[in-house]
Amino acid sequence: MSACPRLLQHSMQQANGDGNPTSPRKKQRTSIPGSLYKVTVVLGAQWGDEGKGKVVDMLATDADIVCRCQGGNNAGHTVVVEGATFDFHLLPSGIINPGCKSVIGNGVVIHLPGLFEELEKNESKGLKDWKERLIISDRAHIVFDFHQQVDGLQELEKGTQSLGTTKKGIGPTYSSKAARNGLRIADLLGDYDKFSEKFETLVASYQRMFPALHVDVKSELEMYKGYAERIRPLVKETVCFLHKALKEGQKILVEGANAAMLDIDFGTYPYVTSSNCSIGGVCTGLGLPPSMIGEVVGVVKAYTTRVGDGPFPTELLDETGKLLQSRGHEIGVTTRRKRRCGWLDLTLLKFTAMVNGYTSICLTKLDILDTLAEIKVCVGYRLNDEEMEFYPSSASVLSQVEPIYETVEGWQSNTEVVRSFDKLPANARKYVRLIRDHLEIPVKWIGVGAGRESIITL
């Protein structure tokens with residue numbers, strides 16, 4: 001892989017007539033003044049599983065701190081390093097980089113048994129020195145096992161209207177947070193009698209809703225007494241920690257979990273997660289003001305996938321969909337469910353770009369399209385024979401839209417070995433430019449394989 005450019009110092013200069021897609025044709029973008037001290041954010045631009053972990057791992061080689069700002073262990077990021085595959089659910093993907101500190105922010109909900117299991121699994125694969133580099137916010141809320149039980153019970157109650165959640169307890173934990181009876185890491189590390197009292201109250205409130213819910217309170221409290229001592233050395237007040245780091249000129253990278261179309265406000269509600277996984281979640285999940293956000297990298301898979309239920313206008317239920325699923329190894333890291341596959345949806349991406357303000361795009365899994373003779377791209381939606389002027393807010397409306405496609409010729413050659421844009425097949429370059437021109441956002445990186453080395457930097 002070519003040397004990773006310095007974070008927040010990427011030039012956004014317009015291409016000098018060479019067809020390089022690092023800048024849109026219609027609009028020139030410039031670096032933000034003083035961006036050396038601004039935070040770089042990496043966000044999923046579709047329904048998740050775009051390859052954010054790999055992008056974060058790449059950019060983290062030049063970062064001092066990598067942060068998670070929201071979600072829980074319902075997220076799944078895969079990083080391949082020298083043949084070893086690391087799966088991250090709560091840990092920031094950047095933790096695999098030696099010398100880089102990792103912060104789990106206040107907006108994250110943490111299942112402590114899952115966290116330590118994840119640490120142990122990745123430690124056995126080569127993760128080193130995490131005890132010196134992992135920092136956990138004392139404001140983060142705790143996911144308890146009974147939250148996970150409740151998650152499953154709520155799905156059962158919905159019957160045919162179930163949302164296809166991961167059953168990791170994320171929704172119930174955020175519900176506890178919003179109801180102001182949740183428990184935070186600070187509670188666990190504080191007065192243990194008060195923690196116990198609040199725990200019993202929280203359990204009782206859920207048992208009133210779900211009489212069949214059984215919780216061994218005494219056993220659970222004893223278990224969490226042990227977790228309190230294990231986690232204590234890792235816990236900090238992270239808001240002041242991050243602001244101090246910024247003042248010292250340290251480079252901070254934020255890794256979004258889930259993705260824009262799963263955002264609880266802007267996603268395909270109710271088929272969404274329970275947190276803000278768009279740019280707003282970075283501010284509320286870490287205590288960073290908008291003025292401190294610099295570059296926002298939108299990670300875009302070269303086609304579209306989603307896990308679970310919900311409308312999916314460009315979904316392919318034919319042999320092409322099966323081919324993308326097979327070639328792309330589209331199995332959920334967290335759920336192990338097969339991902340639904342479809343054509344790239346630029347209408348969706350234009351909407352998430354409006355919400356998040358991407359300053360650049362990382363296009364992943366271009367190589368998965370290598371064998372196709374022709375490729376379709378959705379450039380608009382039609383409803384009742386009229387082209388829509390906005391992205392529909394209603395899931396029921398979205399399920400009725402007809403995609404408007406442009407068809408492009410495939411390249412039918414292997415791109416996995418390519419390491420520069422000018423060496424890509426001509427039709428692959430045209431495909432990248434089509435994405436750039438429709439979104440009016442520069443494409444700075446292209447993924448053509450699973451490993452760290454399989455990135456084309458433009």
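Helices here are DSSP runs of H or I with at least four residues, strands are E runs of at least two, and both are numbered from the N terminus.

**Ground rules.** I am reading a predicted model, in which local features need pLDDT of at least 70, side-chain atom pairs count only at pLDDT 80 or more, and totals for chains, interfaces and linings use all residues. Residues are numbered from 1 along each chain as its sequence is written, and side-chain values use heavy atoms, with hydrogens and water left out.

**Helix α12.** I started with α12, residues 346-356, and looked just past its end, where Gly 357 takes a positive phi of about 65 degrees. At the start of the helix, a side-chain oxygen of Asp 345 comes to within 3.1 Å of the backbone nitrogen of Thr 347. I file that as a polar contact (N or O atoms within 3.5 Å; within protein, one must be able to donate a hydrogen and the other to accept it, and residues adjacent in sequence count only if both atoms are side-chain atoms).

Buried means under 20% relative accessible area, exposed means over 50%, and partly exposed lies in between (1.4 Å probe, protein chains only). Among the buried ones I noted Leu 346, Leu 349, Phe 351 and Asn 356. The buried residues of α12 pack against β1, α10 (279-286), β11, β14 (344-345), β16 (374-383) and α14.

**Strand β11.** Next I followed β11, residues 293-301. Nine of its nine residues are buried, so the strand is largely enclosed by the rest of the structure. β11 pairs in the parallel sense with β1 (residues 39-44) over five bridges, and Gly 44 stands opposite Val 299. β11 also pairs with β15 (residues 360-364), again parallel and over five bridges; there Gly 298 has Ile 361 as its bridge partner. For pairing, DSSP must find at least two bridges between the strands.

**The cores.** I then looked up nonpolar cores, meaning sets of buried Ala, Val, Leu, Ile, Met, Phe, Trp, Tyr and Cys residues joined through side-chain atoms within 4.5 Å. The largest one has 72 residues, and Leu 366 and Tyr 431 have the most contacts inside it. Helix α14 (residues 426-439) gives the most to this core, with six residues. Contact means heavy atoms within 4.5 Å. Apart from this core lies another, of 43 residues, among them Leu 127, Phe 144, Phe 199 and Ala 228.

**Rings.** How many aromatic pairs does the structure hold? I get 15. Rings of Phe, Tyr and Trp (its six-membered ring) pair if their centres lie within 6.5 Å; planes under 30 degrees apart count as stacked, over 60 as edge-to-face and the rest as tilted. I picked Phe 146 and Phe 199, an edge-to-face pair at 5.7 Å centre to centre, with 70 degrees between the planes. The pair links distant parts of the chain, since Phe 146 is in helix α4 (residues 145-158) and Phe 199 in helix α7 (residues 192-209), 53 residues apart. Phe 146 is buried at a relative accessible area of 1%, and Phe 199 is buried at 0%.

Ring pairs also tie both into a cluster, whose members include Phe 116, Tyr 192 and Tyr 227. The charged end of Arg 230 sits over the ring of Phe 116, 4.0 Å from its centre. That label needs NZ of Lys or CZ of Arg within 6 Å of the ring centre and within 35 degrees of the ring normal.

**Asp 151.** My last stop was back in helix α4, where Asp 151 lies. Asp 151 counts as buried because its relative accessibility is 6%. Its side chain reaches the backbone nitrogen of Gly 169 at 2.9 Å.
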